[in-house]
Amino acid sequence: LAEKELAPKLLGTFANGRVEEFYEGMRSLDPEEMLSDTNVPRIARQLAAMHAFVPRRLKRGMEILLWEQLDGWLKTARGVSFQDPAQAKRLQELDLDLIEQELQWVRQQLPSPDNNWGAALLKSANSESGDPTFRAAQQALYQPVFCHNDLLAGNVMVPIGKAQICRFIDFEYASVNSAGLD
């Protein structure tokens with residue numbers, strides 16, 4: 001990623017982390033800046049470059065692992081317990097059953113193994129709308145690409161000044177995913 005100027009240079013690693021290049025003269029965006037006329041085009045350009053990138057080493061090729069990861073996190077959460085009553089109460093209030101129901105609903109709405117990675121959604125949308133432009137847009141959004149997967153304002157760096165570039169940071173969740181989810 002760093003070779004393609006998509007991420008900071010990796011300077012070193014340690015047991016549970018990494019040390020990366022500091023982007024001198026840059027700052028992270030505030031949430032309200034994400035949709036500004038200045039930032040939308042530069043974020044889109046950087047995101048398009050990232051989505052066009054195919055990493056050399058992907059453990060499972062261009063396979064989308066999102067659903068396995070979410071299911072794993074839910075399973076881990078279900079295995080958690082606390083002796084402290086206040087923490088146990090907060091965990092119970094989290095309502096993991098509701099989260100699982102919501103996850104099942106989202107799985108039906110987005111490309112997932114449940115709908116043949118969006119193929120069933122595309123077929124349904126095409127028969128409902130009949131608009132080939134809509135179908136092409138949906139198809140592009142479902143395309144598996146290399147994604148950041150955590151593109152919140154704090155992970156978008158922009159120059160202090162007027163340059164029209166941006167850089168992304170914090171790639172710990174980066175993996176193959178449907179383009180539209182980025």
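**Close-up views of a predicted model**

**View 1. Trp117 lies in the loop between H4 and helix H5 (119–129).** This is a predicted model, where local features need pLDDT of at least 70, side-chain atom pairs count only at pLDDT 80 or more, and totals for chains, interfaces and linings use all residues. Residues are numbered from 1 along each chain as its sequence is written, and side-chain values use heavy atoms, with hydrogens and water left out. Helices (H or I, at least four residues) and strands (E, at least two) are DSSP runs, numbered from the N terminus. Trp117 isn't a glycine, yet its phi is positive, at about 55°. Most residues other than glycine have a negative phi. With 34% relative accessibility, Trp117 counts as partly exposed; buried means under 20% relative accessible area, exposed over 50%, and partly exposed in between (1.4 Å probe, protein chains only).

**View 2. Asn149 sits in the loop between strand S4 (144–147) and S5.** Here's another positive phi in a residue other than glycine: for Asn149 the value is near 70°. Asn149 is partly exposed, at a relative accessible area of 26%.

**View 3. The largest nonpolar core has 16 residues.** Such a core is a set of buried Ala, Val, Leu, Ile, Met, Phe, Trp, Tyr and Cys residues joined through side-chain atoms within 4.5 Å. Among those with the most contacts inside this one are Leu29, Met50 and Val156. Helix H1 (39–52) and strand S5 (156–159) are the elements that give two or more residues to this core, and H1 gives the most, with three. Leaving aside neighbours within four places in sequence, Val156 is in contact (heavy atoms within 4.5 Å) with residues including Arg27, Leu29, Ile43, Leu151 and Phe168.

**View 4. Helix H2 (residues 66–78) has buried residues Leu66, Trp67, Leu74 and Ala77.** Seen down the axis of H2, these buried residues fall within an arc of 95°, so they line one face of the helix; the arc is that of the directions from the helix axis to the C-beta atoms. Over on the other side of H2, look for Lys75 and Thr76, which are exposed.

**View 5. H2's buried residues pack against helix H4 (96–109) and strand S7 (175–178).** The axes of H2 and H4 are 11 Å apart, at an angle of about 170°. Axes are lines fitted to C-alpha atoms, for helices over the stretch in contact, and angles run from 0 to 180 degrees between N-to-C directions.

Conventions
Expected span 1.5 Å × (residues − 1).
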